[in-house]
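User: I am new to this structure and would like to understand the terms used for it. Could you take me through them with care?

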Amino acid sequence: MFFHDLGPQLGWTMVFLAECIGPLFIYLFFFLHLLNVYEQIDDYTSSPCSVVTLACVCHCFHYFRRLLETIFIHRFSDGTLPLQTIMRNCLYYWGFSAWLAYYINHPLYTPPSYGNLQVYSSLVVFMLCEAGNFSIHLALNNLGCNGLRPKRIPYPTRNPFTWLFFFVSCPNYTYEVGTWLSFSIMTQCVPVALFTLLGFVQMTIWARGKHKMYIREFTDYPELRSAIIPLFL
């Protein structure tokens, strides 16, 4: 019998809290110009674009929702994550938040090319995806779980936002990608688009893994479902 010291560990609840609290406050620091990171003449000058304030509200709302879901909705296994891995994850989320916040809240920020039409149409999609993500997590919470393995196949409920279960195994990832894609279009910011792309790649890997697990666990799993993108991926 061999024992391997994995070092300091934290539970999944603390992992999610650490990943979400950082971006929430980092973005506010840039929005309120509490960090002197711009040219001295522009340090206390805010961009006149209304989309800057709207982007701050959307960004904070997203991470505040995730914090509430972590505390009140999500069911985690008893597993833990090494502190070194947690620090790497936090560096990813916190670093990207600082990067995109720097550009969106820059006094010389350029508004989207198509003005209010681009901003408010993206806002509608953003809010729909946020509501969808919350609805999916609420539906998954009502399923009996054994660690990370569900005891039942997740099916749509009367809530229209859960109807995406007809087509994909992981609609929460689909909605998450939609959230960041709409935020990218709303702000027309390259760092946000890059964060969206990397997130889509990682969530696709997770979704395909869960999709294969569902097929392996349940012989009557719906054949129409794909992993993350309906009828495609």
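Analyst: Phe-183 touches Tyr-27, Ala-55, Cys-58, His-59, Leu-100, Ile-104, Phe-126 and Val-192, leaving aside residues up to four places away in sequence, where contact means heavy atoms within 4.5 Å. This is a predicted model, in which local features need pLDDT of at least 70 and side-chain atom pairs count only at pLDDT 80 or more, while totals for chains, interfaces and linings use all residues. Residues are numbered from 1 along each chain as its sequence is written, and side-chain values use heavy atoms, with hydrogens and water left out.

User: What makes a set of residues a nonpolar core, and which members touch the most others in the largest one?

Analyst: A nonpolar core is a set of buried Ala, Val, Leu, Ile, Met, Phe, Trp, Tyr and Cys residues joined through side-chain atoms within 4.5 Å. The largest one here has 32 residues, of which Tyr-27, Ile-104, Phe-183 and Met-186 touch the most other members. Two or more residues each come from helices H1 (12-31), H2 (50-72), H3 (83-104), H4 (115-141), H5 (171-187) and H6 (190-217), and the largest share, nine residues, is that of H2. Helices here are DSSP runs of H or I with at least four residues, strands are runs of E with at least two, and both are numbered from the N terminus.

User: Why is Thr-187 called buried?

Analyst: Buried means under 20% relative accessible area, exposed means over 50%, and partly exposed lies in between (1.4 Å probe, protein chains only). Thr-187 has 0% relative accessibility, and therefore counts as buried. This residue of helix H5 touches Ala-55, Ile-104, Tyr-109, Pro-112 and Val-192, again not counting residues up to four places away in sequence.
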